[in-house]
Amino acid sequence: MKIDRLIGILSILLQREKVTAPYLAEKFEVSRRTINRDIEDICKAGIPLVTSRGPGGGISIMEGYRMDRTLITSGEMEAILAGLRSLDSVSGSARYRLLMDKLAPGKQDMISSSGSILINLSSWYRQSLAPKIHLIQEAIETCRLMKMRRTVPSLSVFW
């Protein structure tokens, strides 16, 4: 989704001094042209970005422009990453790992930090749990009401 990508680009620019369009294109799995259009849209929104070509070039927020770089505190980010790590343990896909990489680019130590909480949701029922988590996500994304009933030994999901 475009708005997610724009916020992600801003988040990366707030965390790093300068990034390249090819880096952003790879990170968000889009073309360089799409990144260029996104940069134009961010500028139109009033955030002054500077681009420079050649060796050492890239995209950055204009020097002197003030923007709150503490949109999320480090404690809040660690809590978010702990939840994502927990979901990643049972998801069966790379969805949460990609999201963690986007939220904390270049901060792999935060993602795999031994000083933070890791709740391993995987269990003997991992094969049956991943599809149920997918159903829950789908219900949330499509604004559908869900009714759940716990049965032994696994979770039953009803629509």
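The following questions and answers concern a predicted model.

Me: Are helices H1 and H3 roughly parallel or roughly perpendicular to each other?
Reply: Helix H1, which spans residues 2-15, packs against helix H3, residues 32-44, with the two axes 10 Å apart and at an angle of about 75°. Angles from 65 to 115 degrees count as roughly perpendicular, so H1 and H3 are roughly perpendicular.

Me: Which residues of H3 are met by H1, and how many residues of each class does the contact have?
Reply: From H1, the contact draws on Lys 2, Arg 5, Leu 6, Ile 9 and Leu 10, and these meet Thr 34, Ile 35, Asp 38, Ile 39, Asp 41 and Ile 42 in H3. By class, the contact of H1 with H3 comprises four charged, one polar and six nonpolar residues.

Me: Which element gives the most to the lining of the second largest pocket?
Reply: The second largest pocket, with a volume of about 320 Å³, has a lining of four nonpolar, six polar and two charged residues, among them Arg 32, Asn 36 and Ile 39. At least two lining residues come from each of helix H2 (21-28), H3, strand S1 (49-52) and strand S2 (58-61). With three residues, the element that gives the most is H3.

Me: Is Ser 60 buried or exposed?
Reply: Ser 60 lies in strand S2 and, leaving aside residues up to four places away in sequence, touches Leu 13, Glu 17, Lys 18, Pro 48, Leu 49 and Val 50. The cut-off for a buried residue is under 20% relative accessible area, and because the value for Ser 60 is 12%, Ser 60 is buried.

Conventions:
Residues are numbered from 1 along each chain as its sequence is written. This is a predicted model: local features need pLDDT of at least 70, side-chain atom pairs count only at pLDDT 80 or more; totals for chains, interfaces and linings use all residues. Side-chain values use heavy atoms; hydrogens and water are left out. Axes are lines fitted to C-alpha atoms, for helices over the stretch in contact, and angles run from 0 to 180 degrees between N-to-C directions. Helices (H or I, at least four residues) and strands (E, at least two) are DSSP runs, numbered from the N terminus. Angles under 35 degrees count as roughly parallel, over 145 as roughly antiparallel, 65 to 115 as roughly perpendicular and the rest as oblique. Contact means heavy atoms within 4.5 Å. Ala, Val, Leu, Ile, Met, Phe, Trp, Tyr, Cys and Pro count as nonpolar, Asp, Glu, Lys and Arg as charged, and the others, Gly among them, as polar. On a 1 Å grid over the protein atoms alone, a cavity is a set of points where a 1.4 Å probe fits but cannot get out, and a pocket is an open set with protein on both sides within 12 Å along at least five of seven lines; lining residues have an atom within 4 Å of a point. Grid points are joined across faces, edges and corners, and a volume is the space filled by probe spheres set on the points. Buried means under 20% relative accessible area, exposed over 50%, partly exposed in between (1.4 Å probe, protein chains only).
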